[in-house]
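Hi everyone, thanks for making time this morning. Let me put the sequence and the model on the screen, and then we can walk through it together.

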Amino acid sequence: MRLTGWIIGALAILLVFGNQGFRKMVVSFHESRQLEKALAALRTEHDRLSRELTWIQKDPSYTEYLIRKYLGYVKKGEIEYRLLKKEKPSSK
């Protein structure tokens with residue numbers, strides 16, 4: 001009975017420390033989980049971008065909204081107002 005305990009203990013030590021097999025397995029498991037989370041996030045982002053591309057291609061009002069927002073375009077006859085923030089007086 002004692003010999004069996006020693007053999008099991010030696011095998012457990014070999015598994016944990018021998019050739020770093022157990023450690024590599026744990027690290028690989030954690031890395032796999034992180035990669036799965038990153039893949040899920042990328043798939044979600046891809047779906048969002050695909051929907052936005054469809055909107056841009058099929059909805060002229062959405063395209064106009066993006067052009068106005070990011071490029072600052074205005075329609076002919078419109079007046080663009082820009083509000084400036086007041087600077088705080090410097091205390092010297």
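Helix 1 lies largely in the open, because the number of buried residues among its 16 is zero; buried here means under 20% relative accessible area, with a 1.4 Å probe and protein chains only. Helices are DSSP runs of H or I, at least four residues long, numbered from the N terminus. Helix 1 covers residues 2–17 and reaches 22 Å from its first C-alpha to its last, close to the 22 Å expected, where the expected span is 1.5 Å times one less than the number of residues.

A word on where this comes from: it is a predicted model, with local features needing pLDDT of at least 70, side-chain atom pairs counting only at pLDDT 80 or more, and totals for chains, interfaces and linings using all residues. Residues are numbered from 1 along each chain as its sequence is written, and side-chain values use heavy atoms, leaving out hydrogens and water.

On confidence, pLDDT is the predictor's own score for each residue, from 0 to 100. The protein chain averages 87, and 96% of the residues score at least 70.

Now, how do helix 2 and helix 3 sit relative to each other? They are roughly perpendicular, a label for angles of 65 to 115 degrees. Their angle is about 105°, with the axes 5 Å apart. Glu52, Trp55, Ile56 and Lys58 of helix 2 meet Pro60, Tyr62, Thr63 and Leu66 of helix 3, contact being heavy atoms within 4.5 Å.

Finally, Gly72 follows helix 3, and its phi is positive, near 75°.

Terms used
Helix = DSSP H or I, 4+ residues; strand = E, 2+ residues; numbered from the N terminus. Buried < 20%, exposed > 50% of the residue type's maximum accessible area, 1.4 Å probe, protein only. Axes fitted to C-alpha atoms, helices over the stretch in contact; angles between N-to-C directions. Parallel < 35°, antiparallel > 145°, perpendicular 65-115°, else oblique.
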